[in-house]
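Student: I have a structure to study. Can you take me through its side chains, step by step?

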Amino acid sequence: MAIAIGGIGQSVKRKEDARFIRGRGNYVDDVKLPGMLYLDIARSPYAHARIKSIDTSKALAIPGVLAVITGKDLVPLKLEWMPTLMSDRQMVLPTDTVLYQAQEVAAVVATERYIAADGVAAIEVDYEPLPVVVDPIKALQPGATLVREDREQKDNHIWHWEVGDKAGTDKAFADAEVVVKQDLYIPRIHVSSIETCGIVASFDKIEGKLTVYMTTQAPHAIRTVIALVAGHLGLAEHKIRVISPDIGGGFGGKVPVYPGYVLAIGASVLTGVPVKWIEDRAENIQADSFARDYHISAELAAKKDGTMQALRVKTIADHGAFDAAANPSKYPAGLFHIITGSYPFQKSFVEVDGAYTNKPPGGIAYRCSFRVTEAAFTIERLVDVLALEIKKDPAELRMQNFIPPTAFPYKSVLGWEYDSGDYGRALKLAMDTIGYAELRKEQAEKRKRGELMGIGISSFTEIVGAGPSKDFDILGIKMFDSAEIRVHPTGKVMVRIGVKSQGQGHETTFGQIVAEELGIPVADIAVEEGDTDTAPYGLGTYASRSTPVAGGATAIAARKIREKAKLIAAHLLEANPDDIEWKDYKFQVKGVPTKSKTMQEIAFAAYTNHPQGMEAGLEAVDYYDPPNLTFPFGSYICVVDIDRGTGVVKIRRFVAVDDCGTIINPMIVEGQIHGGLTMGLAPALYEEINYDKDGNIQGSNFMDYLLPTAMETPNWETAKTTTPSPHHPIGAKGVGESATVGAPAAIANAVVDALAHLGVRHIDIPITPWKVQKILKDNGVAE
Ligand code: CDP
């Protein structure tokens, strides 16, 4: 029965793949409207410069170039600045100063994409270069070059945020038997989704209606932002329709609003003609929001026997020229205070200072729940530093300290209430799967022969599902999510949800939730998202929130339908509703299985033969405000071999044990973990974006910015434990980001473990061959 329905726990094949594998996906760049114009953007070659003049005459002389827009043109429209999601403001186009390399300077509207590009090349801008600050630590020093002259506050400090008991933590450190300290830099990285950002804006001057096809992870929030920012131009929310069609990867990078979106909308409103803007790859990697860029100083206090007691963390966060992170308003450093991880610290204190620099806006939650990757990396590295200090096996140290399964729901010292967990079980399964004890023996033998082999563990705790609306909002909009379900007379179903897949398979998994709740086969259930004219209001998909929040809404909306269906079943079966039970995906009279009605029969009756006095139809809506977040977790073990000649790190094995509570679709979850692990491998060994002292980006193309390909990606071995969330309607926790959060520390810990006998305690990621080779040379062990 379960297989026919395709309900929860079934590896139903992804419905959306029918179009994707045939090349029939419908992405923003596939949208072609009659009379559509094209927009391209001129960008600054300087990281900080005064604009003395912009000469647009040569561009305007090109046949087919219809307009050139500069910052000064936007002033009368009050559109030269726009708000960011973190209550900062960001230039749409500058009127006098540019603040980072590749910042938007002017836009060209033309009849063809390539004519627009010719127009961009013909714009002449006279710049006066200004001093540049790229290092956030220097940016916070007195006398540093001021990045944001527009602010009243005349320094580069954005905000200070702290959480925990400072005095208590300081005392715990003063009294501690062992203290370890580690400075870590988690470099800037870039999302690099296959599809870049883009928009087609189409303003109908007669109806006064704006339709926007856009690469956004949060269409409803964008609609509200457009109404708030451009309301004075006559754009009211009921006349704005935002459509996110298929999206080729978002990973957080498609949450912010980019100037190109605003310019295309502005150009369409002014001309009354559709305008398309599609970023090219170089623009995407140079100018879109970045992730990470955290300078962390972390300390852990413990007893000599390894009992962890206190954690103290100080961080400087580089946010570039505008604080355009997409964090919930209350948490400027995201959910970084999950940093106590899987351990029951008694005292902790965390502080973060945000800094402006002459770099593109940073701070997006790249496949993590707002700074959770930074937190997990820090604690899982620090635990290994402690293990080395007290000469204890890192697996044993973790097992000794884990929050025990009996302690859940567990209130962390930094304020979170973990819903459920069994960390020891996950680590034990990972150790058994990989053969941990044997590997340690092999390592000891190899070390005697001078061979370099390392084993690294990461036992991370995640925090996903923003959010309980009492704590979570973005720009004041409370974070909840929604589902609307309509059962048609013939028993076929339309589900509309407030989130938006970027490749995660929602059309399949949300159908599975409804299939399970209503007993209707998943093939008969259509799931639609991403159109603000039809979907109920939701906050979108990022931070693995779809399943924890919209998944809850979907289950509850389906249960509301089941409640009504029960009354119709009682009517059809001529029984008292109290005598009706839901069993084997049908309603039946208790104890009389032959007297039953399927949901399809009930659906037909809901329109043709419902009880007198009851409203016709079978549909429900739910706006779900979760009582808490969900806390997925996992234990990863990585084995590396290091080449003593080249310093190249080879991942020999990687076992990932994940626990995301009840699994809706095991195949999709495994796919999420494979992708996430590869995105965790990337910053551990390959990816980083640096800037030279003049603010020139180093790594603005895929020759310099090393995305791992199939060649670099090892064979991921996965396993699972299942610890349901006690508060989620179906017991599910999010999973989309777990692997990206957990993997980097396992890999870094494995490399450090391979080199620990040489006195190595830490290597900043990415751990490149030349960093390793230098260590080998410095220690006289290079071949
Ligand atoms: O918000 P996002 O979709 O990125 O993340 P998610 O909620 O963790 O879900 C990623 C995909 O995995 C979706 O298709 C989920 O429905 C599916 N999933 C699942 O099948 N079982 C879970 N316990 C969690 C997610």
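Tutor: Start with a definition: helices and strands are DSSP runs, numbered from the N terminus. Keep in mind that this is a predicted model.

Student: Between which strands does the loop with Pro 187 lie?
Tutor: Look at the elements on either side of Pro 187. One covers 178-186 and the other covers 198-204. The loop lies between β10 and β11.

Student: Is Pro 187 buried or exposed?
Tutor: Buried means under 20% relative accessible area. Pro 187 has 2% relative accessibility, so it counts as buried.

Student: How far apart in space are Pro 187 and Pro 683?
Tutor: In sequence, Pro 187 and Pro 683 are 496 residues apart. In space, we go from C-alpha to C-alpha. That distance is 8.1 Å.

Student: Are the rings of Phe 20 and Tyr 27 stacked or edge-to-face?
Tutor: The structure holds 22 aromatic pairs. In this pair, the ring centres of Phe 20 and Tyr 27 are 6.3 Å apart and the planes meet at 25°. Planes under 30 degrees apart count as stacked, over 60 as edge-to-face. So the rings of Phe 20 and Tyr 27 are stacked.

Student: And the rings of Tyr 261 and Trp 277, stacked or edge-to-face?
Tutor: Their centres are 5.9 Å apart. The planes of Tyr 261 and Trp 277 stand at 85°, so the pair is edge-to-face.

Student: How many residues apart in sequence are the parts that Tyr 261 and Trp 277 tie together?
Tutor: Tyr 261 lies in helix α9, residues 259-271. Trp 277 lies in strand β14, residues 275-278. The parts they tie together are 16 residues apart.

Student: Which residue has its charged end over the ring of Trp 81?
Tutor: Look for a charged end 3.7 Å from the centre of the Trp 81 ring. It belongs to Arg 89.

Student: Which residue forms a salt bridge with Arg 89?
Tutor: Arg 89 lies in strand β5, and its partner is in the loop between α6 and β9. The closest N and O atoms are 3.3 Å apart. The partner is Asp 150.

Student: Is Arg 89 exposed or partly exposed?
Tutor: Exposed means over 50% relative accessible area, and buried means under 20%. Arg 89 has 34% relative accessibility, so it counts as partly exposed.

Student: In which helix does Glu 442 lie?
Tutor: Glu 442 and Arg 652 meet in a salt bridge, 3.0 Å from N to O. The pair links distant parts of the chain, 210 residues apart. Arg 652 is in strand β31, while Glu 442 is in helix α14.

Student: Which side chain of opposite charge is nearest to Lys 500?
Tutor: Lys 500 is in the loop between β24 and α15. Lys 500 is buried yet has no salt bridge. A salt bridge needs the nitrogen and oxygen within 4 Å. The nearest side chain of opposite charge is 4.6 Å away, and it is Glu 529.

Student: Which residue has the backbone oxygen that the side chain of Lys 500 reaches?
Tutor: Among the residues that Lys 500 touches are Thr 216, Ser 244 and His 506. The side chain reaches the backbone oxygen at 3.3 Å. That oxygen belongs to Ser 244.

Note on methods. Residues numbered from 1 in each chain as written. Predicted model: local features only at pLDDT ≥ 70, side-chain atom pairs only at ≥ 80, totals over all residues. Heavy atoms only, no water. Phe/Tyr/Trp six-rings, centres within 6.5 Å; stacked < 30°, edge-to-face > 60°. Helix = DSSP H or I, 4+ residues; strand = E, 2+ residues; numbered from the N terminus. Lys NZ or Arg CZ within 6 Å of the ring centre and 35° of its normal. Buried < 20%, exposed > 50% of the residue type's maximum accessible area, 1.4 Å probe, protein only. Lys, Arg positive; Asp, Glu negative; His and termini not counted. Polar contact = N/O pair within 3.5 Å; in protein donor to acceptor, adjacent residues only side chain to side chain. Contact = heavy atoms within 4.5 Å. Lists of a residue's contacts leave out its neighbours within four places in sequence.
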